[in-house]
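Good morning, and thank you for coming.

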Amino acid sequence: AVVSTQSTGYVISEVNGREEYVVTKLLSSGVEKASQNCNFSNCNIRFRGSELFHFHVTVVSDTVCTYETEFLVYVVDVPLTTTLYNIITVTVGFSVLLIILAFYISSKSSEDKSPAKADVSTSSVTSDPSVVD
C-alpha cells in the first residue's frame with residue numbers, strides 16, 4: 001500500500017508489501033481517521049500486525065532535491081481491539097462462574113449420598129427403673 005499526501009508531498013510505502021498497518025490523521029476534534037492526505041504533524045501509523053515492517057518514505061518538495069529514507073519498525077505485541085478484549089473478558093468471567101457452579105453442585109450431590117445418621121430416639125436404653133432385663 002502506498003500512501004501519498006498532496007499538501008506536503010510525501011509518499012510512504014511498505015517495502016515488503018505488508019498491509020497490516022494504516023496511516024491515520026488526527027482531526028482537530030481529537031478523533032483519528034484513516035486518511036490518504038495528511039501532513040507530518042498530524043499523521044500516525046497504526047499497526048494491526050506484528051513483527052518487522054520496512055517502510056520507504058519519499059519527500060517531494062519544490063526544491064531540486066528529492067529526499068528519501070527507509071526505516072524499520074519491529075512490532076512485538078499488537079494491542080487487542082476493544083471488541084476482542086470484551087469477548088475475552090466475558091468468556092473468562094462466564095468460565096469462572098461455571099467452575100464455581102460445578103463445585104457447588106458436586107458438593108450438594110456428595111451431601112445427599114452420605115449415609116443417614118442414626119436416630120437417637122430409637123435407642124434401646126429406657127429410663128423406666130421398673131423394667132429389668
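Let me begin with a definition: helices (H or I, at least four residues) and strands (E, at least two) are DSSP runs, numbered from the N terminus. In those terms, the order of elements from the N terminus is β-β-β-β-β-β-β-α, that is, seven strands and one helix.

A word on the source. Please note that this is a predicted model, in which local features need pLDDT of at least 70 and side-chain atom pairs count only at pLDDT 80 or more, while totals for chains, interfaces and linings use all residues. Residues are numbered from 1 along each chain as its sequence is written, and side-chain values use heavy atoms, with hydrogens and water left out.

I turn to the interior. A residue is called buried under 20% relative accessible area, exposed over 50%, and partly exposed in between, with a 1.4 Å probe and protein chains only. Of the 133 residues in the protein chain, 17% are buried. Contact means heavy atoms within 4.5 Å. Among contacts with a separation of 6 or more, 48% join residues 24 or more positions apart.

Which residues form the largest nonpolar core? A nonpolar core is a set of buried Ala, Val, Leu, Ile, Met, Phe, Trp, Tyr and Cys residues joined through side-chain atoms within 4.5 Å. The largest has nine residues, namely Tyr10, Ile12, Tyr21, Val23, Cys43, Phe53, Phe55, Val57 and Val75. Strands β2 (10-14), β3 (21-26) and β6 (51-60) each supply at least two residues of this core, and the largest share, three residues, comes from β6.

Next, the aromatic rings. Rings of Phe, Tyr and Trp (its six-membered ring) pair if their centres lie within 6.5 Å; planes under 30 degrees apart count as stacked, over 60 as edge-to-face and the rest as tilted. By this rule there are six aromatic pairs. In one of them, the ring centres of Tyr21 and Phe55 are 5.0 Å apart and the planes stand at 90 degrees, so the pair is edge-to-face. Because Tyr21 lies in strand β3 and Phe55 in strand β6, this pair ties together parts that are 34 residues apart in sequence. Tyr21 is buried at 7% relative accessible area, and Phe55 is buried at 0%. Tyr21, Phe47, Phe53, Phe55 and Phe71 form one aromatic cluster.

Val73, in strand β7 (residues 66-75), is partly exposed at 23% relative accessible area. Leaving aside residues up to four places away in sequence, Val73 touches Phe47, Glu51, Leu52, Phe53 and Phe55. Val73 and Phe55 are 18 residues apart in sequence, with 8.0 Å between their C-alpha atoms.

Finally, charge. How many salt bridges are there? Taking a salt bridge as a side-chain nitrogen of Lys or Arg within 4 Å of a carboxyl oxygen of Asp or Glu, the count is one. Arg18 pairs with Glu20, the closest N and O atoms being 2.9 Å apart, and Glu20 is partly exposed at 33% relative accessibility.
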